[in-house]
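Here are my notes on the structure, as numbered points. Please read them beside the model.

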Amino acid sequence: MADRIELTGIRARGRHGVLPAERELGQEFRADVTAWLDLSAASASDELADTINYAELAELAAGHLAGPALNLIEAVAGRIAEDAMERYLQLFAIEVTVHKPAAPIEVPFDDVAVVARRSRKTTPGRSQ
């Protein structure tokens with residue numbers, strides 16, 4: 001299925017990281033979310049009930065970015081993806097990118113990002 005909803009640049013302040021300073025000071029995290037689903041019913045009906053409310057999806061992602069604190073952004077991305085797959089049963093798949101642009105890296109860099117992808121085939125405990 002090629003239909004998708006894309007959210008980019010969701011931002012929230014969080015305290016994720018393995019260093020004590022990251023936990024104490026916190027920093028801004030960003031997320032991009034791409035959700036694959038069949039949008040033909042929503043296209044025909046023009047009704048919110050036939051799709052995913054992207055404002056709710058953004059709030060779900062922001063809630064994980066803001067906390068509770070985790071060591072790894074891999075865990076943050078995975079939890080956003082798994083929570084969305086559990087909440088929105090019409091999803092075929094979801095891809096979540098978590099950005100940590102202020103990661104404690106000693107060399108110049110623009111961004112650090114981790115991408116988690118889940119689908120009905122790969123989500124634990126789910127059948128196709």
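Is leucine 19 buried, partly exposed or exposed?

1. Leucine 19 is partly exposed because its relative accessible area is 40% (buried means under 20%, exposed over 50%, partly exposed in between, with a 1.4 Å probe and protein chains only). Leucine 19 sits in the loop between β1 (4-14) and α1 (20-25). Helices (H or I, at least four residues) and strands (E, at least two) are DSSP runs, numbered from the N terminus.

2. This is a predicted model, in which local features need pLDDT of at least 70 and side-chain atom pairs pLDDT 80 or more, while totals for chains, interfaces and linings use all residues. Residues are numbered from 1 along each chain as its sequence is written, and side-chain values use heavy atoms, without hydrogens and water.

3. The largest nonpolar core has 30 residues, of which Leu57, Leu65, Leu91 and Ile94 touch the most other members. Such a core is a set of buried Ala, Val, Leu, Ile, Met, Phe, Trp, Tyr and Cys residues joined through side-chain atoms within 4.5 Å. Elements giving two or more residues to this core are β1, β2 (27-36), α3 (54-66), α4 (73-87), β3 (93-99) and β4. The most come from α4, with seven residues.

4. Not counting residues up to four places away in sequence, leucine 57 touches Leu7, Val33, Ala35, Ile52, Ala84, Tyr88 and Ile94 (contact means heavy atoms within 4.5 Å).

5. Valine 114 belongs to strand β4 (residues 113-119) and counts as buried, at 15% relative accessibility. Its C-alpha is 6.7 Å from that of histidine 99, 15 residues apart in sequence.
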